[in-house]
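Please look over the chain shown below. The report that follows covers its sheet, its packing helices, its salt bridges and its surface.

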Amino acid sequence: MKNNIVKKIMSLLLLFIILLGTGVLSVSAEEQTQYTIDELKLTLKLPSSMDVVTRNVSTNDEVYKKHQTNIDSLVDYNIYLQAFSQDNNQVFTLTMNQDENSKEVKNYNTLSEEQLDEIKENYIKEENCKSCSMDKYNDIIYFDSIINTPKDDEIIYVTQADTLVNGMYVHFTLQSQDGEIDGEDKELMNSILDSAVFELEGDGKLNSTIMTFIWVVVIVLVVVIVALIIFMLIKKRRRENMLRAMDSELYVGDREERRAQQETRRNRNTATGADRPDAFFDGVDGLESSENIDKIERELIREAHRNAEEYATKEIYDNTEEYGKEHTNYREFLGEKERRNPQKPGKNKDGRKSSKNNSYNNRGNSSRKF
């Protein structure tokens, strides 16, 4: 039995939660239309089902006739926007006024907490003000109050949110035509305040400053990048010129060195002739240094001199009597030599006809005594 009661209670709670959620979803899902009030630098959203008039609406619009208003009324009462529900039970009005105090203070956000509390107390002291609270929407301070004002044997029920921004007093007022302010009225007012966004006067200057700074940074970066590119190109060009100059210098140096080597070879050819002992080294300069070539040349010349001296000495021994003096038996020596080198009659040992040297030898031999 107890279990059945618990089940019924849980079912009722679940049904209540579903109904509550459906109601919230229907309210939150209601379409809204955004409006911009240039004079107040304000954008806000209202339910699309409401009839809205602003100072920009044509004077021939049917909405004026439907709600018995006109553009002159808007201007006379400082109204910038007015919206009516379809059943005409809710009327939203947006107004603005200025004075020297508002122009001096500019914004409630600039006031201290004590000053804000003092303003709140002044609202509460009003005769027709039933309640007042200080709230903040989108970083803007509002004083929310409920005001019941008697008029012609009836009472006007109003919930109002007042703020000071950009040196202007801006008033959001929602009037209930079917009795005191209830939860539905408060919900509509809160949704409007949540959507209200002011463009603060300092924001435009700040945005302009930020944009200027960004452009300056971009321009500086572009200039720096271009300067770096130019610097790298100049550096590359200088390096190429330097390498080209070094190559040219090396080429000129090699060319001059080759010319000097060729000149040296020509000088050697002119001085000693092409058949000089060091002619072998012509055309291979660089394999030996000039000092080594000179040394080799001297050795070759010495060797040539030694060979010439040897040859001359041998000729002397062969053709003079001094050669025979070293032998005890000259005839035996001559016979042995003739056997080794037989000669034809009338010619010397070299195959030539007899010369003065032969006759000289004969004379020497004939006069020699053994």
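## The sheet

In this predicted model, seven strands build an open sheet. Their order is E3-E4-E5-E9-E8-E7-E6, and the pairing is antiparallel. E3 and strand E6 (129-137) stand at the edges. Each has a single partner strand, so one side of each is left without a neighbour in the sheet. From one strand to the next, the twist averages 15°. Strands of a sheet pair through backbone hydrogen bonds, either parallel or antiparallel.

E6 pairs with strand E7 (residues 140-151) in the antiparallel sense, over eight bridges. Cys132 has its bridge partner in E7, and that partner is Ser145.

## Helices across the sheet

Which strands does H5 lie across? They are E6, E7 and strand E8 (154-165). H5 runs at about 150° to E6.

Helix H6 (residues 183-195) also lies across E6, E7 and E8. Strand E5 (90-97) and strand E9 (168-176) are on its list too. H6 runs at about 150° to E9.

## Salt bridges

How many salt bridges does the count give? It comes to two. One joins the side chains of Asp51 and Lys66, at 2.9 Å from N to O. Asp51 lies in strand E3 (residues 51-54) and Lys66 in helix H2 (residues 62-66), so this pair ties together parts that are 15 residues apart in sequence. Asp51 is an edge-strand residue, as E3 stands at an edge of the sheet. Is Asp51 buried or exposed? Asp51 is buried, because its relative accessible area of 16% falls under the 20% cut-off.

The other salt bridge links Glu201 and Lys106. Their closest N and O atoms are 3.8 Å apart, which means the pair falls within the 4 Å limit. Glu201 lies in helix H7 (residues 201-272). Lys106 lies in the loop between helix H4 (100-105) and helix H5 (113-125). The pair therefore ties together parts that are 95 residues apart in sequence. Glu201 is partly exposed, with a relative accessible area of 35%. Lys106 is partly exposed as well, at 38%.

## The whole chain

The chain holds 11 helices and 10 strands. Of its 370 residues, 26% are buried. Take the contacts between residues at least 6 apart in sequence: 46% of them join residues at least 24 apart.

Note on methods
Residues numbered from 1 in each chain as written. Predicted model: local features only at pLDDT ≥ 70, side-chain atom pairs only at ≥ 80, totals over all residues. Heavy atoms only, no water. Helix = DSSP H or I, 4+ residues; strand = E, 2+ residues; numbered from the N terminus. Buried < 20%, exposed > 50% of the residue type's maximum accessible area, 1.4 Å probe, protein only. Pairing = 2+ DSSP bridges. Axes fitted to C-alpha atoms, helices over the stretch in contact; angles between N-to-C directions. Contact = heavy atoms within 4.5 Å.
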